[in-house]
Amino acid sequence: MKLINEAEIYDTWAPLIESKAGITDEGKKEWLTKYCHYHSLNESAGAYQTLGTVNGMGAVAPPLYPGMGGFAGTPNQGFYNADNFGSGDKFPSLLPLAIQVAAKTVGFDIVPVIPMSGPTGVLSYLDYVYAGGELGGVSDGTTSNGNAPDLIKFPVNATAAAAFASMSVGTPVTIDPSLSPVKTLVGKFVGLSRIDGFPILRVDSLTSGASVAQVVISGATISTGGAVAGNAVLVKTLEDHIQGFSGAGFNNTNDFQGPYVDGTKTYNPMLRGVGESNYYKSLGLSTFTKFVEADTFQVAASVTTEQIQDLNKQFGIDVVSMIENALVNEVSQAINKHILARGFALGWSNHSQFLATEGTNLNLNLEIGSTGAGNTPAYVGKDDVGATIAIPDGPAAGGYENLSTLQRRLFSRILAAANVVANRGRRGPANFIVTNANIASALQDISQFTFAPFTNTLTQNNGTLYPVGSLAGMTVYVDQNMKFDDTRVLVGRKGGDDEPGLKFMPYMMAESLQTISEGTMSPKVAVKSRYALVEAGHLPETMYITFYVKVPTGGLS
């Protein structure tokens, strides 16, 4: 990774981007300046001098093919040749197309953009865990010294999960893995992970034990040969804070307690004398590196010489530029759908995990008197597998519901989803909403409701669907590709480059190439986009949540 002076690059490129492209958003300008810097270096060195004329930026030399020799004559020598007295601004030929893509794509507004200087990149992220020993002594039973970490978390089957959920903090637990050499883990139940609901144990000892996999809880065997569904992992400090690790009460003898608080426990620190006589417990820093490779979208179109001549002479139309705009739109739409689809999928997975761990369903039924029976929408999750979350019952019939109250229910559910993102992600509040025109229209309709006012800048002007404004500090975007009856709502957080979540890493935002058919002499234009969409961090889904709204037959607006 090359080190760059980001402040100097921003000062150089930001005024040009703002004046020529009309982009004033600071987030877009910040990553576009880096993108401009990387590609101006390449283009200035002549790496793209085989590209054709792009948006009036000047003609360039045609390519040389192996075994064909040079072309006759002296063609124009390209935009950066010293003998070519063309435009003096600093926009290389690729950048106008790249800026068009950035301006047309909703997805760039909801994910951080980290430009890559080459076709591959490296994305690193850190994680702190509760350490203190060797995980191998627990997970595979091969560690000879039996040095276990202080805390572990492990996946279990449904039967064991139900048993752990009913357990009290501090309950003794014994696990006998069917591994050779066998290690029996003896510990105490701490609580359930607030992210995936898996049990967390405080490790007391590792000893020799039985050869049959089983979980023994309070003297009763819950199941054999499969209660533990996978190897143990260390507990992450940010997602699952464990009270007691840094001090378990006045005498440091209280049971460790999991992430949730319920008002029935105390959380006292150690007394001075106790603290002086106890060693520090240690956190561990885990560093992870993800190697990223740019994927490709590409499309081409061709025109005849007659079309170029006739449309230009009769109507003054630049056919090549029109084709190029159409190709840019095609690539932009493909990128946009990719980003938003992954955002909705991650949000649906987070919703499913939230329902499993806390028993709360965020799907909303606004049909009066409707029951949730048989209403089970299924959408793709982060692992590209469909997940089903049922719809609850709607408001009771015979009450005092009207259009405005139903719309306010929708607003309240969006606020709840935003708070779930802030609570589970622990990086900050949600700051964007993506939905379809149906839900957006309902939000616009209630935006001026004064009986129970709420903070918003939603406009009621017809046609202003991207974006429509803000709602409780969250910008509302409308995905024009969602059907009117596709009433999903994505609530999420566009965080910093160092936070979990989706990261868009462009290498070639939009590269335009032109060739001439030897037989007909007709031009063919191609546009290629190469980028990586990276799901960074261990739990990228916690930055998004997706829920479904069942709309009444008469609509919400």
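**Group meeting: a walk through one predicted model**

The protein chain has ten helices and 19 strands. Before anything else, please keep in mind that this is a predicted model.

Some totals to start with. The protein chain has 557 residues, and 45% of them are buried. The accessible surface of the chain is about 26500 Å², and carbon and sulfur atoms account for 52% of that surface.

H5 covers residues 158-165, and its buried residues are Ala-160, Ala-163 and Phe-164. Where do these buried residues fall when you look down the axis of H5? They lie within an arc of 100°, so they line one face of the helix. The face turned away from that buried side carries Ala-158, Ala-162 and Ala-165, which are exposed. If you have the model open, find Phe-164 on the buried side, then turn to Ala-162 on the face turned away from it.

Next, a pair of helices. Two packed helices are described by the angle between their axes and by the distance between the axes. The pair here is H9, residues 403-425, and H10, residues 437-446. Their axes come within 10 Å and cross at roughly 110°. An angle of 65 to 115 degrees counts as roughly perpendicular, so H9 is roughly perpendicular to H10. The crossing of H9 past H10 is left-handed.

Which residues meet between these two helices? From H9 they are Leu-403, Ser-404, Gln-407, Arg-408, Leu-410 and Ile-414. From H10 they are Ile-439, Ala-442, Leu-443, Asp-445 and Ile-446.

Let us stay with H10. How many of its ten residues are buried? Eight are, and H10 is mostly covered. The buried ones are Ala-437, Asn-438, Ile-439, Ala-440, Ala-442, Leu-443, Gln-444 and Ile-446. As for what covers them, the buried residues of H10 pack against H9 and against several strands: S13 (432-435), S14, S15, S16 (488-492) and S19 (544-550).

Val-421 has a relative accessible area of 1%; buried means under 20%, so Val-421 is buried. Leaving aside neighbours within four places in sequence, Val-421 is in contact with Arg-426, Ala-430, Val-491, Arg-493, Thr-542, Met-543, Tyr-544 and Ile-545. One of these contacts can be followed along the chain as well. Val-421 and Val-491 are 70 residues apart in sequence, while their C-alpha atoms are 7.8 Å apart in space.

Asp-384 is not a glycine, and its phi is near 65°. Asp-384 is found in the loop between strand S11 (378-380) and strand S12 (386-388). Is Asp-384 buried or exposed? Its relative accessibility is 56%, and it counts as exposed.

The other is Ala-472, with a positive phi of about 50°, although this residue is not a glycine either. Ala-472 lies in the loop between strand S14 (469-471) and strand S15 (474-478). S14 and S15 have come up already, among the strands that the buried residues of H10 pack against. Ala-472 has a relative accessible area of 35% and is partly exposed.

Ser-246 lies in the loop between strand S7 (220-224) and helix H6 (272-276). With a relative accessible area of 65%, Ser-246 is exposed. Pro-269 is 23 residues from Ser-246 along the chain, and the C-alpha atoms of the two are separated by 8.1 Å.

Pro-172 lies in strand S3, residues 172-176. At 57% relative accessibility, Pro-172 counts as exposed. The C-alpha atoms of Pro-172 and Arg-202 are separated by 9.5 Å, and the two residues are 30 apart along the chain.

To recap two points. The buried residues of H5 line one face of that helix, and eight of the ten residues of H10 are buried. That is the end of my part.

Key: Residues are numbered from 1 along each chain as its sequence is written. This is a predicted model: local features need pLDDT of at least 70, side-chain atom pairs count only at pLDDT 80 or more; totals for chains, interfaces and linings use all residues. Side-chain values use heavy atoms; hydrogens and water are left out. Helices (H or I, at least four residues) and strands (E, at least two) are DSSP runs, numbered from the N terminus. Buried means under 20% relative accessible area, exposed over 50%, partly exposed in between (1.4 Å probe, protein chains only). Accessible areas come from the Shrake-Rupley method with a 1.4 Å probe; for residues, only the protein chains shown count as cover. The arc is that of the directions from the helix axis to the C-beta atoms. Axes are lines fitted to C-alpha atoms, for helices over the stretch in contact, and angles run from 0 to 180 degrees between N-to-C directions. Angles under 35 degrees count as roughly parallel, over 145 as roughly antiparallel, 65 to 115 as roughly perpendicular and the rest as oblique. A crossing is left-handed if the near helix is turned anticlockwise from the far one by less than a right angle, and right-handed if clockwise. Contact means heavy atoms within 4.5 Å.
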